[in-house]
Amino acid sequence: MIPVEKNKQLVITAYQRIFGDLDITGVDEFMSKDFLQHNPSTPDGQDGVKALVEMLISQGVPKQKIEFKHVLAEGDIVSLHSRYEMAGKEWRFIDIYRIENDKLVEHWDAMMQMPDAPANNNSMF
């Protein structure tokens, strides 16, 4: 049996540490050495994620508490729907991770910046 609740907590903890706390050491702790990245702008492996975090830090992205609206898990897959702040703007992210041997081994994502003038009054959450 796959430990779905354990996988959810693993992904939440890893995401907060790496992208909320901007702690590069979390990459080594939570991600496999052969991490597969499906975002075409980020290279595979731990070094690709580390470079991304270093870029966020260099652009002045603040450390922040990630707000997770939805955390869904099935088998070895965990999906996050979260709020993030970059460059003074609110963003919504959907991240999907595959877990293997208590490590994040694969990632897909979609992201959207909150528009200045939304076309409707519905929240992005």
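F93 has a relative accessible area of 8% and therefore counts as buried. Buried here means under 20% relative accessible area, exposed means over 50%, and partly exposed lies in between, with a 1.4 Å probe and protein chains only. The model is predicted, so local features need pLDDT of at least 70 and side-chain atom pairs count only at pLDDT 80 or more, while totals for chains, interfaces and linings use all residues. Residues are numbered from 1 along each chain as its sequence is written, and side-chain values use heavy atoms, with hydrogens and water left out.

Aromatic rings come next. Rings of Phe, Tyr and Trp (its six-membered ring) pair if their centres lie within 6.5 Å; planes under 30 degrees apart are stacked, those over 60 are edge-to-face, and the rest are tilted. Five aromatic pairs are found by this rule. One of them joins Y15 and F19: the ring centres are 5.1 Å apart and the planes meet at 50 degrees, so this pair is tilted. Both residues belong to helix α1 and sit four residues apart, about one turn of the helix. Y15 has a relative accessibility of 4%, so Y15 is buried. F19, at 10%, is buried as well. Y84 and F93 make an edge-to-face pair, with 5.7 Å from centre to centre and 85 degrees between the planes. Y84 is buried because its relative accessibility is 3%.

Helix α1 covers residues 4-20. Helices (H or I, at least four residues) and strands (E, at least two) are DSSP runs, numbered from the N terminus. The expected span of a helix is 1.5 Å times one less than its number of residues. Buried residues of α1 include N7, L10, V11, A14 and I18. After the helix comes L22. L22 has a positive phi, near 55 degrees, although it is not a glycine. Its place is the loop between α1 and α2 (25-30). With a relative accessible area of 9%, L22 is buried.

Another loop holds P62, between α3 and β2. P62 is partly exposed, at 36% relative accessible area. P62 and D21 are 41 residues apart in sequence, but their C-alpha atoms are 8.4 Å apart in space.

The strands pair in several ways. Two strands pair if DSSP finds at least two bridges between them. Strands β2 (residues 67-74) and β3 (residues 77-86) run antiparallel and are joined by seven bridges. Within this pair, A73 stands opposite V78 in β3. The two strands form a hairpin with two residues between them, and G75 in the turn has a positive phi of about 60 degrees. Strands β4 and β5 are also antiparallel, with 10 bridges. Here Y97 stands opposite H107 in β5. This hairpin too has two residues between its strands, and N101 takes a positive phi near 55 degrees. D102 lies in the loop between β4 and β5. Its phi is near 60 degrees, a positive value in a residue other than glycine. D102 is partly exposed, at 40% relative accessibility. By contrast, β1 and β5 run parallel, joined by three bridges. Q37 has H107 of β5 as its bridge partner.

Empty space was then examined. Rolling a probe the size of a water molecule over the atoms shows where such space is left. On a 1 Å grid over the protein atoms alone, a pocket is an open set of points where a 1.4 Å probe fits, with protein on both sides within 12 Å along at least five of seven lines; lining residues have an atom within 4 Å of a point. The largest pocket has a volume of about 290 Å³. Its lining has 20 residues, and F19, L52, F93, D109 and M111 lie nearest its centre. α1, β1 (31-37), α3 (45-58), β3, β4 (89-100) and β5 (103-113) each supply at least two lining residues. The largest share, four residues, comes from α3.

Conventions
Grid points are joined across faces, edges and corners, and a volume is the space filled by probe spheres set on the points.
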